[in-house]
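Subject: Structure handover

Hi,

Here is the structure I promised to send over. Please open it alongside this note.

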Amino acid sequence: MDVSGNLLRRLCSHVTGINDQRLDGHFTLAVTLLNDSGSGLHMKDHNEVADKIKRRLVREERFEDAVRFSGLLNKLLKSAVLHNKGSILSLFLALSNDNAASKRPKITVGNAGMTNGHLEDESFPLPNLFVDKPLKASTIPENHSQATSERMDGGSSRVWHLAERYRTAASAQPNSPFAELQQLNKFPIRMPADKLPLKQTPRKHPAKIEGLVEVSEKDLVRDLLYVFVGIEGKIIKMDKKKDGYEIDSKVKLSPSQKVLVLKLTEVGWLYRRVKNFCERENSSRSSERTSDRMVSGLVHQSLVVALLEHLSEFARLITLLERQIQESGDTPLSEASEGLTLRKLFMWTFEPRSRLKTLAFLVDDSQMEHGGACISKLYQHLHHGDPGHRKVVGHIIARATVPIFGMLTRWLLDGKLEDPHLEFFIAADPMVSDDKLWHDKYSIRWLMLPSFISKLQAEKILASGKSLNFLRNVCHFNAPIAGREVIKAALQQTTVESLFTQDDSGQLDDLISLTFRETSRHVLEEILTQHKFMTHLRALRRYLLLGQGDFVRYLMEILSPELNKPASNLYPHNLSSLLETAVAASNAQYEEPDILKRLDVRLLEVSAGDIGWDVFSLHYHVDGPIGTVFTADCMSQYLMLFNALWKDKRMEMMLSNIWKEQAATSKMCRDIPELGKALHHIQLLTTEIIHLVHQMEYYMAFEVMECSWHGLMTKLKSAQSLDDVIAAHNEFLKRIVAGSLLDKDSKHLRTHLRSVYNLIEKLKCLQERLSSAVLAEVNARKSFRDDIKARTEVGDFGLSGEHQELEKKRRKEFSKVIRNFITDLEICTRTYQTVVKTFLMMLTQHDDQNLHLLSTRLDFNLYYHQRDHHLNQRLTYQHKRKSLGTSFTQ
């Protein structure tokens, strides 16, 4: 006896409680039951038996057992050793019957025991096996083996025949275990009259039974073939409300047939879904564009072509299956026949169903998108664990990406953008002129960027085509572009699949990098050599950033008489002639003629009370390719920088003139001792301001200009594209603007510096007032001495009493003027020192470390720190953290 027989015998012993020769009869009965039930409904539909067990456990509120049963069921179904899993589950269900709850087990068939073609409760419980009399082999009916081989239609008929054999055996042999089983269970085994076994009717002519029509399996197969290609059959109809197929209610089918047919209709439903999408796209393409409907794009058209290829392949399969049906003729089908049965049809359509399901997923995700966004949706399905799924998706993406690949090829090779349906991720604005081509005409549609193209690659693609158009339309470069043949050869070796398989092969990335390098190199050569970008950049630094010292100094001297006038009295042509004079008198005369032609005078908007110094500015004309780098925004920043630097230079020149006047005044008033204090005070204040202005000029010239220029030159040497040049130049301007205290973070510093400049103008007024008073006093005293000398020469006394009184009175008035001057000078000095101390504190608390060093140079001898205790703490930890833009967390 094999292992399974031993296990079954042990099971019978455990259930019956018998462990001697009487167990043989029960063991034989168990083997008979298992063999009989093994070919019935339970062997085929193990899912139904499992559902009954789950429902029973839930009905008995054994939820934990239901969960445990689900886990054990999964292990059972995955087992490759055990067979007849449905029979095993049926046996477990029968053994689980509670004898106390089912003392009179019943076998119910027909409508009472069937729900939608399924056995409702426990199929048929095993009889009570606790018997004392042995079961002999001779008691088994002779026709048992023949009865076992019979095949009846329907699970209920099978159960009835088993019960009938038990009853016949019991009546033939009263002492047999079959009779004991019937007697112990008190179970009248009978078949209801309305459910007698039906004779098998010919499948060729369906018969009406109780209002239902029985159809042959061949008719079902033929109907399903129509459903597969989206056509309703006679038996299977399309329910548009439910968006699915349903079986005609007048047709009689077994439960297993219903389940199988409904599973097979999924193929037709998927086919209709994909086909309807293709038909909609074709109709939208053939119709004209209206206000509420857009013509189908090229990507969708390519997608439809790819889908139709798969549908055509599926249609060929249906043709082969239909040929099998035709070859079988009118021969009835069975499981053992060679014809096309439902199960064979299920196996034939297993792989096509998976493929159609993949196509349906793609259709659902892509129908609301177009262009590059549609490609991104399709690409998401490529990351799948099923190789067959990936193969189908890869084929669809390869076909759908063909238009995008064509647009990309033309853009990289010729810079042409042919995108009638706005599907490409590069966009062009036809309203933008060529002057703004580089910055404004072309852009990236980020929504249309396929997800397999990175942001860096997209920017390189944009720059490549943009460079070609820049050379052609802005630089007017008509010669063949160097490296075009290399790019063309690389494009010919690149396939569509390389777009979305960059992880496997770097063809696309190599192509993009090659095109970007070649076109960018050509643009740089054109800008740097033919259009002399570096020459124009140095000219801007020399004239607008006041780097040409001799020119700036001479220009300020010859413009000073004009710029001291009200702004409304200035005329540009007069200033232009003075500019030409300054050029001719300085080293600027050796500049290239093209540079000097671009240099001009510009007057800003005039406000009330403005003088020429407030509205004067130099201007540098830029156009053509260099205008791409020196944009209008850049030139406005140059203008702002010029005005700030021009103001600084003017303050320097003003202090120089003040110092000259002080030197002249000191020589004139050597014989006026009462002026010593006033001259000393004004010279101290002037020296303080000169020190501040000189330190500011040093900071601007070296810390800002020279360092920023060095950084610009370093970046330009390593630049690989025009965008790199533009970025380096913009960064250069940004650093200068920030260093000149003109950005948002430093405007308060520039405003405070203007207060210092206002004090310089006030100091100039005080110096002029002192100079005029001293000059008048010197002249008066000289006239007084001349009068004395003249009177002495004629023999009179040198002074009369009246002259003496007048001289005393005049000198007393002069002393009063000097005292008032000293008072005003002290007020100006205190104001200046207050402003400077505040300015130093603001520099110390700024985020820029260079401004911290500027604060140290402005107060190198701690003169201001000794007068303000707040400045003494500037290097403490708290001020350091604050200057670095951080704060403490409590």
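First, the ground rules. This is a predicted model, where local features need pLDDT of at least 70, side-chain atom pairs count only at pLDDT 80 or more, and totals for chains, interfaces and linings use all residues. Residues are numbered from 1 along each chain as its sequence is written, and side-chain values use heavy atoms, with hydrogens and water left out.

**Overall**

The protein chain has 34 helices and eleven strands. These are DSSP runs, numbered from the N terminus: helices are H or I with at least four residues, strands are E with at least two. Of its 890 residues, 45% count as buried (under 20% relative accessible area, 1.4 Å probe, protein chains only). Take the contacts (heavy atoms within 4.5 Å) between residues at least 6 apart in sequence: 71% of them join residues at least 24 apart.

**Cores**

A nonpolar core here is a set of buried Ala, Val, Leu, Ile, Met, Phe, Trp, Tyr and Cys residues joined through side-chain atoms within 4.5 Å. The largest has 200 residues. Within this core, F425, L537, F551, F616, Y638 and W646 touch the most other members. Helix α29 (residues 676–717) gives the most to this core, with 17 residues. A second, separate core has ten residues, among them A50, I53, F69 and L73.

Look at L537. Leaving aside neighbours within four places in sequence, L537 contacts F630, Y638, W709, L712, M713, L716 and H729.

**α23 and α29**

Helix α23 (residues 533–544) packs with α29 at about 175°, axes 13 Å apart. Axes are lines fitted to C-alpha atoms, for helices over the stretch in contact, and angles run from 0 to 180 degrees between N-to-C directions. The two helices are therefore roughly antiparallel (over 145 degrees). From α23, F533, M534, L537, R538 and R541 meet E706, W709, L712, M713 and L716 of α29. That contact has seven nonpolar, no polar and three charged residues. Ala, Val, Leu, Ile, Met, Phe, Trp, Tyr, Cys and Pro count as nonpolar, Asp, Glu, Lys and Arg as charged, and the others, Gly among them, as polar.

**α24 and α25**

The axes of α24 (residues 549–563) and α25 (residues 572–584) come within 9 Å and cross at roughly 150°. This pair is therefore roughly antiparallel too. In α24, F551, Y554, L555, I558, L559, E562 and L563 meet L575, L578, L579, T581, A582 and V583 in α25. By class, that is eleven nonpolar, one polar and one charged.

Best wishes

Technical notes
Parallel < 35°, antiparallel > 145°, perpendicular 65-115°, else oblique. Buried < 20%, exposed > 50% of the residue type's maximum accessible area, 1.4 Å probe, protein only.
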